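Dear colleague,

I am handing over the structure we spoke about, and below it I have set out what was found. Please read the notes with the coordinates open beside you.

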Amino acid sequence: MRRLILIIIALVFLPAGLAAKEAPRPVTVLVGIDGFRADYLERGHTPRLAALARQGAAGPMRPSFPTKTFPNHFALVTGYRPDRNGIVGNSMIDPRRPGVMFGLGNNPQALDPFWWSEAEPLWITAEKAGLRSATMFWPGSEVAIQGRRPSDWLRYDQNVSNVQRVNTLIDWLRRPAAIRPAFTTIYFDTVDTAGHRFGPDSAEVNAALAEVDTRIGELVDGAAKIGVRLNLVIVADHGMRAIDESRKIQLEDFIDPASFILVEGGPYAAIEPVTGTDDRVARALLVPHEHMTCARKEDLPARLHWGSNPRVAAIICIAEPGWVIGAGTPPYPITGGAHGYDNADPQMLALFVANGPAFAQGARLEVFDNVAVAALLRAVLGLPEDADADGKLADVRAALRR
Ligand code: AMP
Ligand code: ZN
Ligand code: ZN
């Protein structure tokens, strides 16, 4: 009889007792702040981020070339540089898909898995390992790569406010353990947008920094309030540099507009000669220029790790920092800010902050390549390192708690 009573007591109280003791597993949150240049952190407009950096691991991060949004967001979640992850530019062509161009905006190509299948993003690796993932925006996350998407994902919509984005993420964290994600992303575009329109040194960028900082504070406080611990990895894809009308290079000054396709223009130009004109275009471009350097894709400096993918256009010109390359009438005024320069440009350096139980407290990192972030996230999630990847855990091991 006594035994029976004991068993009943155990059955009634043990599960509740266990549940009370078992703190939920920390959730890994990858935060992308588009265009958050590394030194913005020192401006005094981001107190919450600065505190996370101070109490966590932080340091300037070198983006991959080209220093554009899509190639770098994909490099961060795959550990492969653009040449190997297949997203070689914000805009690109592929000889296997003649006549079409991949691009941002309403381009249907951007949602076609064809472009995204050269590397596996972390949300797929996580899902395969039984770790639920949820993406509150991230380039590529709305594409059925290998026929899979994160368990929760949303079609990109710039009109969804930063407040809504944070609230959606907090709602996911609030879920019962069985359907709570282990890996999540959230993406903010407003700092980049302000940087393009008004330039990196503008009051508008400072206001955007302060607003995103407030949102990050709300995310941290919101998670604490519901008792969910976060392993936060807060990154940017690239920096931002001031440009103006006085520093533009018009390609028609050197080559006939009918002789080439400008696949991507701006701080770097991807130029595909129209069949039969290759030599003319090459002869005109592959000479010294005052404010840009041009090369055949196969002759680009090895440190760029870019040019062997068939999607890279035949001739690449890289502008001197602060200059922009274009053809015809630019679709937008050349004013404000731009990115896409050589990734050795210090103004292209990007934000990196890691904070949470998995990370070292007060670690200051030397400049490292952004592809290491995927290796770091894998380690935090308990996934094995991808030995084949460009990014190595060794480059960011100092960010991990011993
Ligand atoms: P960039 O032109 O390199 O400055 O790219 C930044 C732009 O990419 C921002 O204006 C974003 O609105 C846009 N963007 C970010 N994520 C996505 C996405 N998943 N789909 C389409 N556009 C995006
Ligand atoms: Zn960007
Ligand atoms: Zn941008």
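This is a predicted model, and I begin with its metal sites. The zinc ion (ligand 2) is coordinated by Asp 34 through OD, Thr 69 through OG1, Asp 237 through OD and His 238 through NE2, at 2.0 to 2.1 Å. The angles among these 4 donor atoms run from 95 to 129°, and the site of the zinc ion (ligand 2) is tetrahedral; for four tetrahedral donors the ideal angle is 109.5 degrees. Along the chain, the donors of the zinc ion (ligand 2) follow the spacing D-x34-T-x167-D-H. Asp 34 belongs to the loop between strand 1 (27-33) and helix 2 (47-55), whereas Thr 69 belongs to helix 3 (residues 69-78), so the pair ties together parts that are 35 residues apart in sequence. Asp 34 and Thr 69 are both buried.

The loop between strand 1 and helix 2 also holds Thr 46, which is buried, with a relative accessible area of 2%. If neighbours within four places in sequence are left aside, the contacts of Thr 46 are with Phe 36, Tyr 40, Leu 41, Leu 209 and Asp 213.

The zinc ion (ligand 3) lies 4.0 Å from the zinc ion (ligand 2). The zinc ion (ligand 3) is coordinated by two OD atoms of Asp 192, together with NE2 of His 196 and NE2 of His 339, at 2.0 to 2.4 Å. In sequence, the donor residues of the zinc ion (ligand 3) are spaced D-x3-H-x142-H. Why are Asp 192 and His 196 separated by about one helical turn? The reason is that these residues are 4 residues apart in helix 8 (residues 190-198). As to their accessibility, Asp 192 counts as buried because its relative accessibility is 9%, under the 20% limit, while His 196, at 28%, counts as partly exposed.

The buried residues of helix 11 are Ala 372, Val 373, Ala 374, Ala 375, Leu 376, Leu 377, Arg 378, Val 380 and Leu 381. Gly 382 follows helix 11, and the phi of Gly 382 is positive, near 80°.

With kind regards

Key. Residues are numbered from 1 along each chain as its sequence is written. Chains are lettered from A and ligands numbered from 1 in the order in which they are written. This is a predicted model: local features need pLDDT of at least 70, side-chain atom pairs count only at pLDDT 80 or more; totals for chains, interfaces and linings use all residues. Side-chain values use heavy atoms; hydrogens and water are left out. Donors are N, O and S atoms within 2.8 Å of the metal (3.2 Å for Na, K and Ca); water is not among the atoms, so sites may look incomplete. Four donors count as tetrahedral if all angles lie between 85 and 135 degrees; four count as square planar and six as octahedral if opposite donors are over 155 degrees apart and all others between 65 and 115; anything else is irregular. Helices (H or I, at least four residues) and strands (E, at least two) are DSSP runs, numbered from the N terminus. Buried means under 20% relative accessible area, exposed over 50%, partly exposed in between (1.4 Å probe, protein chains only). Contact means heavy atoms within 4.5 Å.
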